[in-house]
Amino acid sequence: MSDVKPALRLEGIVKTFPGVRALDGVDFEVRPGEVHALMGENGAGKSTLMKVLAGMYQPNEGQILIEDRPTIMANPIEAKHNGVILIHQELSLAEQLTVAENIFLGELPRSRLGFVDWKILDDRVGTILQKLNCDFGPRTKVGKLSIAKKQMVEIARALTHEGRVVVFDEPTASLTDAEKVVLFDVINELKADGVGIVYISHRMEEIFTISDRITVLRDGTYRGTLTTAETDEDEVTQLMIGRSLDYSRNESSGEFGDLVLEVAGLSCGKLFEDVSFNVRAGEVVGFYGLVGAGRTEIAETLFGLREPTAGSIRLNSSDVSIASPAEAIANGISLVPESRKEQGLVLGMNCRDNITLPQVGDMTAGPFVSNGAEVAIYDMYRDRLDIKAPTWRSLVGNLSGGNQQKIVIGKWLAMKPRLLIVDEPTRGIDVGSKAEIHNLIRELARSGYAVIVISSEMPEILRVSDRVIAMYQGRITREFTAAEVNEDNLVQAISGISGDEAAA
Amino acid sequence: MAESAAGQGPSKLPRELGKGSSGWSSSLRWLLGHPIWAFVVIVFIFFSLMTDDFFSLGNFQNILVQTSTLGLIALGMTLVMINGNIDLSVGAVVALAASLTVDIMGWPVFESWGNLQILPAVVAGLGAGVLLGALNGLIVWKTGVDAFIVTLGAMLGVRGLVFVYTGEQSFFAMNFAYADFGASSFLGLPTLAWVFLVFTVLVHIVLSRTVHGANTYAVGDNREAAVNAGIRVGPHMMINFMIVGFFAALAGITLSTQMGASTPNLGRDYELWVITATVLGGTKLTGGAGNIIGTFGGVLAIGILRNGMNLMQVPAFYVLVILGAILIAVLFLDKQLNRQGEEGLRL
């Protein structure tokens, strides 16, 4: 196998940014017709490496060889012409443009005088969409598509060129299972055509399904390449974080306190319908479902950000109507939102001010904000949550993802809630800090909070929840106890498949 | 062009919209897609009923000429604003181009050129506009400073330059052919109206049919996606700034042909009127959305309102109050029409 000429080889790639050595002598190669997985924690340099590969960054040292030819790629178009195609992790689409325009963005076919040649465009895009089993046409506006379908548009870009190497950067983050099957078919087809595939993902089960080899990066350095068939999850994790992780499931104690939240028949337009559940003190209830299943919207409704169209919310056995976040907070509800950086934190403010933000109005000494009271609150939660920040003056934007998330959680704990809703608690947080956040959530439940955890990651839901509620297209499909839930029945529940007709 | 391939759902790109005139329901749907045109129809009927002088061919020609200045700049502004930028310096460029053109055609060098002396003057005027646009674009591209700030600076600076250059004096065009052009007609329509209409069609085609047009939407909609796709965003934005600079200069020249003169205060507040017209036409300040059909409607709406209220002898200051109120009302209506209903996030 080693005598096969690699489709692409990176040798000793070094990329520095002011103050950071993002990549430090990384070697990587992809052979034609293999799927090579690239793994590593956040910040390990995967994305930087791919950007170097796609011509978006120029390496400071090292070289890129395409079929043993040293190649310099100055921009993404040149990379494409060299046969390197990058499918982006974040949806890199212009919502107001059509599917066809997005797929060929940057190199729309021209007729004379710079006019777009719609005929060629429609033909080519139509063929690609058919191949991908998409049920929308080339002239559909991207803004009207669901997230999963947008992801398919992104994937369609892989098929516009005769690629030598196609890089998929976390392509399955928002795909449904059916679409995942299509994606894997596409990958296998490309593979059969002799295209080299780079596959980046955090999801071990996918990596082990699809890949032939796995390369691991850590802190911008190359840690090694493993053959998938000869390794296991533990070895990969070891390489990624330098130690093994405890993947144990949550042991439910089964002894909870009073009912804190009872929701009956709650609806909000078409976002979610007829949702009923309850949460007891000391219990962690996990909401699992695909992106767009309505989980976040339920949280936002409970927090007063959306107006329910039907149904009732009972807190501590009395009916409440929550018209604003201020009322939600007054009723003892706190929401740690999905997107830490956009919704949870003021990145340009320091740690202390972020933690005291919701209650700074109450902490006054005369007309001024009371400095001492604020610092006292910060110190308390720093110790309790083990926040690692140099001082309270450090800007939140400079902390790691895990510590940022602890600041957000600390902020809401400081409001003394009875019900804590945590939406995607570990998104964008590396494996090591994930475990810490999970333990923290368990810890909080044990100390008497009622906790709702919303997550798209199955291992996370299985680890922290006492009960799991599965959602599909705005409806609750099933409720599991920690004892009866397993990966298979959970996947079925969130795909809208009832137990009997489930395919293997 | 392959127009026959029907789009799925209403596309923002207005290439399918020309066919909307068959039957009442489709025209109604078309109007809902361009609320400003519904508004234009309403004010048109309103003034036709309220004053005797409004509904006449002569007055319509008037309106077209009166709005041609704003309209030309609004064409360029639409491109820049779809890009997610803005150009506040257009008013100052109007004055600069007008002053340069009127002054240069009187230079002794060109004295023996006869009517041809207008040519180098117009080229210089337009060139100055394109150059300043290029400078704005270059600064936005290379420094990454927000276009609002860059062009705010240009607005102050260029206006200052105009005063330095003119010594606070007005210039008068010595060549009467220049002023005659501003008053001339061609095929029964004032020449300036033709200029405006022809450029409107041209920019519409550029925006809706060319690669540059598609890129304009992409850059404003998702700049990162545009960069990822290999569009050279900096030079692209610079071209659009040059286009708006060209149109501002052209507007300055057509304006000075109407008066046969230029004043250093020419074009004051034009940036505000142009942005008002563009936004009325459905172009988003955040970029990514807008089109020339809408902008044309926005320009006409302002033109008809000003003209009509003038004919009804509404005092000038009330006209401003009413226009301001209408701007906010129209955008509020637009927001209501495009809301997601009860599911929307509360603020």
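Student: Before we start, what should I know about the numbering and the model?
Tutor: Residues count from 1 along each chain as its sequence is written, while chains get letters from A and ligands numbers from 1 in the order in which they are written. Since you asked about the model, it is predicted: local features need pLDDT of at least 70, side-chain atom pairs count only at pLDDT 80 or more, totals for chains, interfaces and linings use all residues, and side-chain values use heavy atoms, with hydrogens and water left out.

Student: How many helices and strands does chain B have?
Tutor: Helices (H or I, at least four residues) and strands (E, at least two) are DSSP runs, numbered from the N terminus. Going by that, chain B has 14 helices and four strands.

Student: What share of the residues in chain B is buried?
Tutor: Buried means under 20% relative accessible area, exposed means over 50%, and partly exposed is in between (1.4 Å probe, protein chains only). Chain B has 347 residues, and the buried share is 51%.

Student: Is Ser89(B) buried or exposed?
Tutor: Look in the loop between α3 (57–82) and α4 (90–104) of chain B, where Ser89(B) is found. Its relative accessibility is 1%, so Ser89(B) counts as buried.

Student: Which side chain does the side chain of Ser89(B) make a polar contact with?
Tutor: A polar contact is a pair of N or O atoms within 3.5 Å; within protein, one must be able to donate a hydrogen and the other to accept it, and residues adjacent in sequence count only if both atoms are side-chain atoms. For the side chain of Ser89(B), the distance is 2.7 Å and the partner is the side chain of Asp87(B).

Student: What kind of aromatic pair do Phe44(B) and Phe60(B) make?
Tutor: Rings of Phe, Tyr and Trp (its six-membered ring) pair if their centres lie within 6.5 Å; planes under 30 degrees apart count as stacked, over 60 as edge-to-face and the rest as tilted. The structure holds 19 such pairs over all chains. The rings of Phe44(B) and Phe60(B) have centres 5.5 Å apart and planes at 35°, so this pair is tilted.

Student: Where do Phe44(B) and Phe60(B) sit in the chain?
Tutor: They are 16 residues apart, and their pair links distant parts of the chain. Phe44(B) is in helix α2 (residues 35–50) of chain B, and Phe60(B) is in helix α3.

Student: And what kind of pair do Phe199(B) and Phe247(B) make?
Tutor: Their ring centres are 5.3 Å apart. The planes stand at 90°, so the pair is edge-to-face.

Student: Is Phe247(B) buried or exposed?
Tutor: Phe247(B) lies in helix α11 (residues 233–259) of chain B, while Phe199(B) lies in helix α8 (residues 191–209). With 4% relative accessibility, Phe247(B) counts as buried.

Student: How are α8(B) and α9(B) arranged to each other?
Tutor: Axes are lines fitted to C-alpha atoms, for helices over the stretch in contact, and angles run from 0 to 180 degrees between N-to-C directions. Angles under 35 degrees count as roughly parallel, over 145 as roughly antiparallel, 65 to 115 as roughly perpendicular and the rest as oblique. The axes of α8(B) and α9 (residues 211–221) come within 5 Å and cross at roughly 70°. The two helices are therefore roughly perpendicular.

Student: Is Phe332(B) buried or exposed?
Tutor: You'll find Phe332(B) in helix α14 (residues 316–337) of chain B. Its relative accessible area is 52%, so Phe332(B) is exposed.
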